[in-house]
Amino acid sequence: MARFGMVIDTARCVGCMDCVIACKTENQVPEGFHRDWITTEVSGRFPTLSMEIRTERCNHCDEPPCVTCCPTGASHVEEFGRIVLVNHEQCIGCKACLASCPYDARFVHPDGYADKCTFCIHRVEAGQDPACVAVCPTRCMHFGDLDDPQSEVSRLLQSCRHHALLPEAGTRPRIFYLS
Amino acid sequence: MAILSRRRFLKIGAGAGAAATLGSRAPSWAGDFFGPARPGDRLERVPTYCDLCFWKCAAIATTRNGRLWKIEGNPEDPLSRGRLCPRGTGGVGAYYDTDRLRTPLVRRRNRGEDEWVEVTWDEALGEIAGRLQRLKAEHGPEALAFFSHGIGGNFLKHTFKAFGTPNLVAPSYAQCRGPRDVGFQLTFGEDVATPERTDIANARCLVLLGSHLGENMHNSQVQEFADAVGAGASVIVADPRFSVAAGKAKHYLPIKPGTDLALLLAWMNVLVGEGLYDREFVAAHGHGFEAFAAAIAPWTPEWAFPVTGLEPAAIRETAREMARHRPATLVHPGRHVTWYGDDAQRSRAIALVNALLGSWGRRGGFFFPASFEVPKYPYPPYPHAGRPPVDNPDGRYPFADLGLTNGIREATLSGRPYPIKAWFVYATNLLQALPNQEETLRAIQALDLMVVVDVVPSEIAGWADVVLPESVYLERYDDLNTEAFREPFVSLRQPVVESPDDQRPNWWIARALALRLGLEAWYPWRTVEEYLEARLAPAGLSLAELKRRGVVVGPHRPITVEEGHALEFPTPSGKVEFWSNQLAEHGFDPVPRYTPHPEPPPGYFRLLFGRAPVHTFSRTQTNPLLAEAMPENEVWINADVVRRSGLANGDAVRLVNQDGVESAPIRIKATERIRTDCVYLVHGFGHTAKGLRRTVGRGASDAQLITRYAVDPLMGGTGMNVNFVTLRAGAGKEA
């Protein structure tokens with residue numbers, strides 16, 4: 001079974017937020033909340049600066065603390081693609097998962113359940129890329145099966161320098177940034 | 001189309017589904033929240049083209065159970081290549097915007113007091129037509145001026161040409177790209193046009209002067225920029241601000257604002273002095289090269305150093321880098337270039353650097369755009385205007401080739417060369433687009449009639465006598481888009497959903513007004529479908545096909561020398577004019593020369609402004625999706641300056657300009673990403689119109705602070721980067 005992940009080429013990304021807005025429409029994310037966001041990291045002193053712009057979201061970790069800590073089992077690893085999901089019906093909105101996530105990727109939906117990126121599982125099941133990937137005008141995002149050595153994401157990770165966010169948290173995140 | 005599997009839906013979607021049925025508590029940007037996709041949803045996909053900016057990307061809108069859900073790029077479209085920019089994706093919000101105009105309005109009291117009576121279309125159009133007929137009888141039809149922006153203005157423009165006025169203008173010329181196109185015409189005989197004919201994707205070296213691609217989100221340009229960066233192109237950025245593009249650059253030149261022309265001259269000096277230019281191209285196609293070379297000989301990198309603040313070594317190194325990659329080196333002409341009043345000459349200097357690199361007509365340079373031949377509708381000839389346009393009397397600006405908004409404003413104020421008594425304004429917020437708001441307001445007060453057509457109650461609508469609410473692009477047909485680009489194409493805008501209230505499409509407004517003005521002869525068609533069908537048929541196309549596909553692409557034709565396109569230069573000499581006799585004849589510098597611009601007084605900073613990827617001008621700030629992505633602007637100030645001023649990141653300040661004009665409170669973005677002698681704002685915020693409820697009072701307006709402007713003597717453009725501001729702390733805005 002697949003193990004989905006993303007590889008994002010920060011050299012191409014301009015931080016335009018198309019991914020953020022596409023997620024809002026695709027998933028009808030309510031006003032005031034978002035499942036993905038842009039981070040800009042600047043280092044150095046003017047004019048000798050370097051900058052990395054990243055689109056960020058749930059890392060769908062291989063060792064997801066949000067799943068381990070969930071008292072009801074609502075947060076779970078889906079068999080399909082090892083995607084980390086929340087079962088809305090089972091969720092009691094206790095926020096343990098919000099506290100456990102090193103990436104601050106979750107929020108409580110106004111309807112009472114913990115919400116976050118689903119890797120657009122409804123699209124992926126239909127053979128499409130997640131909305132953020134499909135919409136990106138810079139084509140900086142790649143989605144695929146990390147367990148398939150022939151997949152685009154695997155080949156990019158084999159051939160390019162990359163990093164993940166907060167590897168020290170030990171959650172084994174599945175979103176990688178080319179740098 | 002992706003449909004959730006039944007099993008998945010039951011697992012993750014049931015809660016939300018039930019909530020949607022029962023009424024979710026979630027605050028929504030889409031009216032009554034309609035929740036995530038569910039199995040059995042009825043989906044419809046309707047192709048159209050976008051109107052969130054002037055790029056006009058072809059798109060496909062999807063409705064779910066009859067409600068507008070999302071908008072994506074049309075994969076057949078040469079402009080979007082299937083991917084919209086964030087504004088296009090957020091176009092959904094233009095439909096759901098709760099601040100939209102809903103019904104025609106007539107002013108109740110004094111102009112600008114923003115108090116209105118709701119009227120019917122019949123009453124509104126009757127009022128306008130009656131007053132325009134009186135105006136025609138008393139002052140002649142030329143006393144009407146039409147201001148517009150974008151393709152949506154086409155039908156109204158047609159009505160007013162039939163009415164008999166030659167005074168048709170758009171701020172996209174004298175407040176934006178006019179100087180660039182004049183500078184290129186004077187050099188190559190052709191302009192850069194829109195969408196720009198720049199082959200960014202294949203450039204091996206891309207040079208950007210203040211042009212902040214990636215923040216400035218012209219879709220094809222940004223896509224190609226990413227492609228070029230991905231392909232390892234060498235990017236050179238000269239900008240007082242460390243832009244997003246600067247973050248991708250091999251060479252970042254932190255140039256002193258207002259000195260770009262000096263840098264360009266020094267680059268030319270190195271290219272010629274070191275013999276790095278394209279000798280073959282210049283020998284075959286150059287006019288006046290020897291005189292040009294002599295003229296630029298003094299402008300060495302050492303001369304440019306104290307002017308620009310850039311090390312001579314860096315100037316030489318970047319010039320050599322450009323030469324290494326020629327002819328696939330593209331010195332980007334920019335788009336919004338009305339900066340200092342010598343902008344046509346600066347643009348000409350950009351054209352000349354490209355000429356030295358031989359990039360005109362070449363792969364990785366400037367291509368020859370191809371367009372789909374769709375004949376115009378066979379209207380009867382327009383009446384001959386009795387008087388010439390009012391905006392450029394006696395050819396004061398000899399190279400102006402389109403109307404000047406500021407010229408109309410001036411004539412409205414002075415009554416010379418003849419009076420302008422009515423303004424009809426379509427889809428352009430003149431108070432945020434033109435420099436010096438006070439001049440604009442005085443001109444408006446001198447009018448007998450002002451009509452504004454808009455989708456939201458913008459500042460300019462607040463000053464109108466009659467306001468007409470237009471349907472947003474998702475609710476209307478428009479004219480065909482046949483812009484010239486890499487491939488010839490035709491795209492269609494068609495309604496996806498119905499207008500929620502009493503808004504009407506521009507074609508309907510234009511036709512209804514024309515009929516009331518007795519201009520039936522110019523409206524042989526009754527519906528826009530008839531008009532579109534009549535235009536498409538001679539091109540071998542049908543409306544049905546366009547409605548189904550959204551865009552039709554013609555066969556590829558050669559667009560570069562490499563592909564077999566011939567080089568032609570429709571200048572007076574038939575060559576690339578390194579030395580311009582035309583300019584010399586009118587008393588201008590035949591080769592551009594640098595003139596220093598006034599510097600900020602002590603304690604002041606030069607006010608610079610630019611774009612953000614999620615907003616267009618001052619038109620999108622009430623779009624709930626785009627407002628959420630960027631609800632207000634910040635003033636970028638160098639971090640050291642902020643510290644020395646006893647201020648901190650996030651503090652609210654007011655900006656006060658050299659004439660004592662004070663901005664609304666705005667938060668400080670303390671950053672390493674800008675020089676110490678300037679500050680920077682994203683344009684379009686600081687709205688004051690009370691009907692723009694989602695955005696009023698958020699951020700500050702650069703336009704309000706642009707009280708001074710420097711007029712380009714070649715073509716009348718208004719340079720706007722000539723204002724200085726100081727900071728007033730204690731703006732009284734809660735953290």
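Let's start where the two chains meet: in this predicted model, 48 residues of chain A are in contact with 56 residues of chain B. Which parts of chain A do the touching? Several elements each supply at least two residues to that side: α1 (18–26), β2 (36–45), β3 (48–57), β5 (84–86) and α4 (121–124) of chain A. If you want one to look at on your screen, pick α1(A), which gives the most, with 7 residues. As for the kinds of residues on the side of chain A that touches chain B, there are 24 nonpolar, 12 polar and 12 charged ones.

Now let's move over to chain B and a sheet there. This is an open sheet of 4 strands, and if you walk across it you meet β10, β9, β8 and β12 of chain B in that order, with parallel pairing. What sits at the edges? Those are β10 (251–253) and β12 (329–331) of chain B, each pairing on one side only. Neighbouring strands in this sheet are turned against each other by 10 degrees on average, direction ignored.

Let's zoom in on one pair. Strand β8 of chain B, residues 205–209, runs parallel to β12(B), and the two pair over 3 bridges.

Finally, a word on confidence. The model scores ipTM 0.98 and pTM 0.96. Chain B averages a pLDDT of 95, and 96% of its residues score at least 70. Residues 13–22 of chain B are below 50, though, and in the model this stretch has 22 contacts beyond near neighbours in sequence.

How values were computed:
Residues are numbered from 1 along each chain as its sequence is written. Chains are lettered from A and ligands numbered from 1 in the order in which they are written. This is a predicted model: local features need pLDDT of at least 70, side-chain atom pairs count only at pLDDT 80 or more; totals for chains, interfaces and linings use all residues. pLDDT is the predictor's confidence in each residue, from 0 to 100. Two residues are in contact if their C-beta atoms, placed from the backbone, lie within 7 Å. Two strands pair if DSSP finds at least two bridges between them. Axes are lines fitted to C-alpha atoms, for helices over the stretch in contact, and angles run from 0 to 180 degrees between N-to-C directions. Ala, Val, Leu, Ile, Met, Phe, Trp, Tyr, Cys and Pro count as nonpolar, Asp, Glu, Lys and Arg as charged, and the others, Gly among them, as polar.
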